[in-house]
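Subject: Structure handover

Dear colleague,

I am passing on the structure that we spoke about, and my notes on it follow below. Please read them with the model open beside you.

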Amino acid sequence: MTDFKVDTILAHAGINADEKTGALISPIYLSTTYQHPEFGKSTGFDYTRTKNPTRLTLEKTLAAIEKADYALVTSSGMSALVLLFSGFPVGSKVVAARDLYGGSFRWFNEQEANGRFEFTYTNTEEEMIAAISEETDYVYIETPTNPLMIEFDIEKIAKLAHVHGAKVIVDNTFYSPIYQNPIPLGADVVLHSATKYLSGHNDVLAGVLVTSDQAIYEKLFYDQNTTGPTLSPIDSYLLMRGLKTLSLRMERSTSNAQKVVDYLQSSPAVKEVLYTGKGGMISLKVKDQGRIGHILNHLQVFTFAESLGGVESLITYPATQTHADIPAEVRHSYGLTDDLLRLSIGIEDVEDLIADLKQALEG
């Protein structure tokens with residue numbers, strides 16, 4: 001499958017997974033345990049925490065679309081992050097982008113307070129490059145960042161990090177493999193909250209770790225089997241089903257987002273729009289912060305809710321939702337101010353989306 005283009009790999013996810021029946025769609029294997037053919041032999045499946053046929057099919061698809069050799073799926077995006085970092089030696093020094101998901105910051109901050117890791121946070125690509133040194137063990141990047149939409153040059157950073165012996169981790173949740181493949185650019189590990197664009201329907205909680213480094217994969221596999229943050233067979237199936245339309249959904253959300261941005265940039269209620277030009281994520285800063293409550297309470301098509309990446313358009317207020325655990329003075333210092341709203345653009349009719357924003361922002 002890795003020789004095919006991404007759209008073909010996605011559409012064919014799970015096909016030919018059941019040779020016995022020829023089922024077009026991958027079966028959901030609910031069994032927690034598997035019979036040994038005879039003493040000393042195994043089918044390759046023994047206990048579902050270790051390996052499950054449905055989950056394995058999903059993982060092969062994820063590795064292929066990220067142009068990597070290995071993938072592991074976990075019970076959530078945060079469990080993927082914790083699984084990865086828990087395998088790092090105590091005292092590891094991490095250079096990270098300052099603008100990042102609030103849940104990641106919360107866990108990083110706790111680990112640093114407990115003396116497990118040491119973090120150096122950087123606001124820009126230039127600051128990150130300057131911060132990477134012989135002492136750096138890992139570099140952690142969200143690109144684009146959440147929610148300020150700052151992009152980092154993965155290839156440039158990876159080359160520098162590798163010169164200094166550091167590993168590079170990239171959170172690819174916002175762009176997905178449709179718009180970005182960090183592994184060929186030099187990243188050592190790619191992280192996804194698969195709850196978002198990969199599943200795309202706000203009905204699956206899942207995480208993904210992808211790598212082409214066999215030693216990293218074997219460590220992750222061992223630690224996952226030991227600690228148990230695996231994805232259930234049903235959720236594995238649902239995520240696989242969601243993947244089949246990933247490219248189509250990303251294309252539509254990008255097209256809608258570009259038109260929404262055109263409106264926002266002309267709106268008298270908006271002072272700044274943060275958008276990279278692709279993907280469905282937009283952040284905006286309103287001129288009158290006092291109207292935030294009014295805006296959120298008067299939207300009819302957009303849903304005021306956390307999360308992102310689904311077919312439904314969502315609006316989030318990071319200051320009290322996704323980034324509430326970051327102290328206000330820290331948030332404000334790098335531009336995540338209390339006048340910022342984050343939009344996740346779905347696949348609705350874009351005219352309805354724009355009209356809804358217009359009546360809430362300007363009404």
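Strand 11 (residues 314–316) and strand 12 run antiparallel and are joined by 3 bridges, and within this pairing L314 has S344 of strand 12 as its bridge partner. Strands here are DSSP E runs of at least two residues and helices are H or I runs of at least four, both numbered from the N terminus, and two strands pair if DSSP finds at least two bridges between them. Before going further, please note that this is a predicted model, in which local features need pLDDT of at least 70 and side-chain atom pairs count only at pLDDT 80 or more, while totals for chains, interfaces and linings use all residues. Residues are numbered from 1 along each chain as its sequence is written, and side-chain values use heavy atoms, with hydrogens and water left out.

Strand 12 (residues 340–344) also pairs with strand 9 (residues 281–286), again antiparallel, through 5 bridges, and here K285 has L340 as its bridge partner. Strand 12 is mostly covered, since 5 of its 5 residues are buried (under 20% relative accessible area, with exposed meaning over 50% and partly exposed in between, for a 1.4 Å probe and protein chains only). The cover extends to both faces of strand 12, with L340, R342 and S344 buried on one side and L341 and L343 buried on the other.

Next comes an open sheet of 7 strands, which has mixed pairing and the strand order 1-7-6-5-4-2-3. Its edges are strand 1 (70–74) and strand 3 (117–122), each of which pairs on one side only, and the twist from one strand to the next averages 20 degrees. Within this sheet, strand 6 (residues 189–193) and strand 7 (residues 207–211) run antiparallel and are joined by 4 bridges, with V190 standing opposite V210 of strand 7. Helix 8 (residues 214–227) packs on the sheet, where it touches strand 1, strand 6 and strand 7, and its direction makes about 25 degrees with that of strand 1; axes are lines fitted to C-alpha atoms, for helices over the stretch in contact, and angles run from 0 to 180 degrees between N-to-C directions.

A polar atom of the T211 side chain lies 2.7 Å from the backbone oxygen of D188. Leaving aside residues up to four places away in sequence, T211 touches A68, D69, Y70, I183, D188, V189, I216 and Y217, where contact means heavy atoms within 4.5 Å.

The axes of helix 2 (residues 53–65) and helix 9 (residues 233–243) come within 8 Å and cross at roughly 35 degrees. In this contact T54, R55, T57, L58, T61, L62 and I65 of helix 2 meet P233, S236, Y237, L239, M240 and L243 of helix 9, and by class the residues divide into 8 nonpolar, 4 polar and 1 charged. For helix 3 (residues 77–86) and helix 4 (residues 102–113), the axes come within 11 Å and cross at roughly 35 degrees. Here M78, L81, V82, F85 and S86 of helix 3 meet G103, S104, W107 and F108 of helix 4.

With best wishes

Note on methods: Ala, Val, Leu, Ile, Met, Phe, Trp, Tyr, Cys and Pro count as nonpolar, Asp, Glu, Lys and Arg as charged, and the others, Gly among them, as polar. A polar contact is a pair of N or O atoms within 3.5 Å; within protein, one must be able to donate a hydrogen and the other to accept it, and residues adjacent in sequence count only if both atoms are side-chain atoms.
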